[in-house]
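The sequence and the structure come first.

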Amino acid sequence: MERMLVTLSLAAGPGFPLGCVDHRYEIELALDAAGHPDALAWAEDPAPWRARRYRPDAPPEQGDVQYDGVNGWFIRFSGSQAERLDAPEARFDPGTSPIRPGEHVTITELEGGLFDYRIVAVSAS
């Protein structure tokens, strides 16, 4: 299982109708044969799938990608490993299209806003 580094750039959302390239995520994902995030690979991988959130008004936030069979994918942010279990979460909805440049995903941010992100890069992690 090879993890990919997926770079997302804000395409639209509350306060950003035209998007903003300074708001982005970098997340590690293993993809299945159809190009979708692979829940089985996530469950079998002992190492966390890293995530980073970048905003112009704050330092990068470190986190990890999580999967729940009922609620789907989310990104959990925290300052330390000990805080991870109760860390705030951003819901990550990859949709039905494969993870590839030009496609879009939805992220419900920690504050509750629903944002559209464009996939700008997918490369080996």
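## Strand 3 and its partners

R53 has E61, in strand 4, as its bridge partner. The model behind this and every other value here is a predicted one. Strand 4 covers residues 58-68, and six bridges pair it with strand 3 in the antiparallel sense. Two residues lie between strand 3 and strand 4, and the two strands form a hairpin.

Strand 3 also pairs with strand 2, residues 20-30; these two run antiparallel and are joined by four bridges. Here I27 has A51, in strand 3, as its bridge partner.

## Burial of strand 3

How many of the seven residues of strand 3 are buried? Five of them are, so strand 3, residues 49-55, is largely enclosed by the rest of the structure. As a general point on side chains, those of a regular strand alternate between the two faces of the sheet.

## The chain as a whole

One helix and eight strands make up the elements of the protein chain. Their order from the N terminus is β-β-α-β-β-β-β-β-β.

What radius of gyration would a compact globule of 125 residues have? The value would be near 14 Å, and the protein chain has 14 Å, so the two agree. Taken along the principal axes, the box filled by the C-alpha atoms is roughly 40 × 35 × 25 Å. Among contacts between residues at least 6 apart in sequence, 44% join residues that are at least 24 apart.

## Surface and charge

Buried residues account for 42% of the 125 in the protein chain. The chain exposes about 6700 Å², of which 53% is supplied by carbon and sulfur atoms.

The protein chain carries 11 positive and 20 negative charges.

## T7 in strand 1

T7 belongs to strand 1, which spans residues 3-12. Is T7 buried or exposed? Its relative accessibility is 14%, and the cut-off for buried is under 20%, so T7 counts as buried.

Which residues are in contact with T7, leaving aside its neighbours within four places in sequence? They are Y25, E26, R118, I119, V120 and A121.

Definitions and conventions
Residues numbered from 1 in each chain as written. Predicted model: local features only at pLDDT ≥ 70, side-chain atom pairs only at ≥ 80, totals over all residues. Heavy atoms only, no water. Buried < 20%, exposed > 50% of the residue type's maximum accessible area, 1.4 Å probe, protein only. Pairing = 2+ DSSP bridges. Rg over C-alpha atoms; globule rule 2.2 N^0.38 Å. Contact = heavy atoms within 4.5 Å. Areas by Shrake-Rupley, 256 points an atom, 1.4 Å probe, with all protein chains shown as cover. Lys, Arg positive; Asp, Glu negative; His and termini not counted. Charge placed at Lys NZ, Arg CZ, Asp CG, Glu CD.
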